[in-house]
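User: I would like to learn how to read a few features of a protein model. Please give the general idea, then the case at hand.

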Amino acid sequence: MNIETANRLYQYRKQMGLSQEELAEKIGVSRQAVSKWERAEASPDTDNLIELSKIYGVTLDEMMLGAKPADEGKAESDKDSNTGNDDTAARAEVNENGERVHVGFDGIHVHDKNGTKVDIDRHGIFVNENGEQKVYTDENGVVRKSEDIIAEEKKNSNIWMKLPYPIVAAAAYILFGTFNVMGGWGWGWIVFLTIPLYYTLVEAIIKRKAYIFCYPVLAVMIFLILGVTMGIWHPAWVVFLTIPLFYWITKRQ
């Protein structure tokens, strides 16, 4: 069973107000079996599917192929035709981008004109794109993602972010101390300031957003290096004046 079908089973059960134990008792299976269905770890057999469709009051096609639950479809229809109650109509708005936005005690729901739906409520987070569930929260409160989202994240992961740079910095510190480089043990610790510089630089390059780079730490490093190696603590402090200039320039890009 795929993630989308598993999430539909979860949504139908929640709409009926049933716990996993109550549903399991109605069908004659264990709670663990229901849990596995809703986590896409197992699939109900034909008899159980028929029982589920009877309990939920939907057809097998609606349950397995992604047709909207009757109540949800009616609610959407009511919103579209403005036949819903006044409270719902007052809280459901269509913004300038053609997105339907609903904010209330029942959660936040945003449906855009491209078919993407984002629902955040007491049941968790659910993101649906063109009928495909991309992100959902399972029974245990764990946020799960579809296989294509996971594959895309792995594809976009950068090898440089996985580099254990703190170990590199620690090795450099030992070398500085052993061979009395950069002030030896006394001032060699400055190399540890390069750790946030490394990771924020890689992230800034990946996302193409220069302001992500941890420039204040770089300013501190420059100040310390100039002071320790050349003794020019003054006017080296001027480097700190470049911090607001850096963010002013990068935020405008």
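User: Where is arginine 208 placed?

Analyst: Arginine 208 sits in the loop between α12 and α13, just after α12. The model is a predicted one.

User: What should I look for in its backbone?

Analyst: Start from the general rule: most residues other than glycine have a negative phi. Arginine 208 is not a glycine, and its phi is positive, near 60 degrees. Its relative accessible area is 79%, so arginine 208 counts as exposed.

User: Which loop holds asparagine 180, and what is its phi?

Analyst: Asparagine 180 is in the loop between α10 and α11 (184-187). Its phi is positive too, at about 55 degrees, although asparagine 180 is not a glycine. Because its relative accessibility is 59%, asparagine 180 is classed as exposed.

User: And how do I read peptide bonds?

Analyst: Most peptide bonds are trans. Here, histidine 234 and proline 235 are joined by a cis peptide bond, with omega about 15 degrees. Proline 235 belongs to helix α14 (residues 233-236).

User: How do I check the length of a helix, say α12?

Analyst: Compare the expected span with the distance between the end C-alpha atoms. Helix α12 (residues 194-207) has 14 residues, which at 1.5 Å a residue should span 20 Å; its end C-alpha atoms are 20 Å apart, so the two agree.

User: Which residues of α12 are buried, and what do they pack against?

Analyst: As a general idea, an α-helix has 3.6 residues a turn, so residues three or four places apart point the same way. In α12 the buried residues are Thr194, Ile195, Leu197, Tyr198, Thr200, Val202 and Ala204. They pack against α9 (159-162), α10 (165-178) and α13 (215-230).

User: How many aromatic pairs are there?

Analyst: Rings are paired if their centres lie within 6.5 Å, and the count comes to 12 aromatic pairs. One of them is tyrosine 12 with tyrosine 56, a stacked pair at 5.5 Å centre to centre, with 15 degrees between the planes. This pair links distant parts of the chain, 44 residues apart: tyrosine 12 is in helix α1 (residues 3-16) and tyrosine 56 in helix α4 (residues 46-56). Both tyrosine 12 and tyrosine 56 are buried. Elsewhere, Trp187, Trp189, Phe223, Trp233 and Phe240 make one aromatic cluster.

User: Which residues make the nonpolar surface patch?

Analyst: Val103, Ile108, Ile120, Ile125 and Val143 make a nonpolar patch of about 380 Å². Isoleucine 120 lies in strand β4 (residues 116-121). Its relative accessibility is 38%, so isoleucine 120 counts as partly exposed.

Note on methods: Residues are numbered from 1 along each chain as its sequence is written. This is a predicted model: local features need pLDDT of at least 70, side-chain atom pairs count only at pLDDT 80 or more; totals for chains, interfaces and linings use all residues. Side-chain values use heavy atoms; hydrogens and water are left out. Patches are made of residues with over 30% relative accessible area and no salt bridge: like charges are joined within 9 Å, nonpolar side chains (Val, Leu, Ile, Met, Phe, Trp, Tyr) within 5 Å. Accessible areas come from the Shrake-Rupley method with a 1.4 Å probe; for residues, only the protein chains shown count as cover. A salt bridge is a side-chain nitrogen of Lys or Arg within 4 Å of a carboxyl oxygen of Asp or Glu. Helices (H or I, at least four residues) and strands (E, at least two) are DSSP runs, numbered from the N terminus. Buried means under 20% relative accessible area, exposed over 50%, partly exposed in between (1.4 Å probe, protein chains only). The expected span of a helix is 1.5 Å times one less than its number of residues. Contact means heavy atoms within 4.5 Å. Rings of Phe, Tyr and Trp (its six-membered ring) pair if their centres lie within 6.5 Å; planes under 30 degrees apart count as stacked, over 60 as edge-to-face and the rest as tilted.
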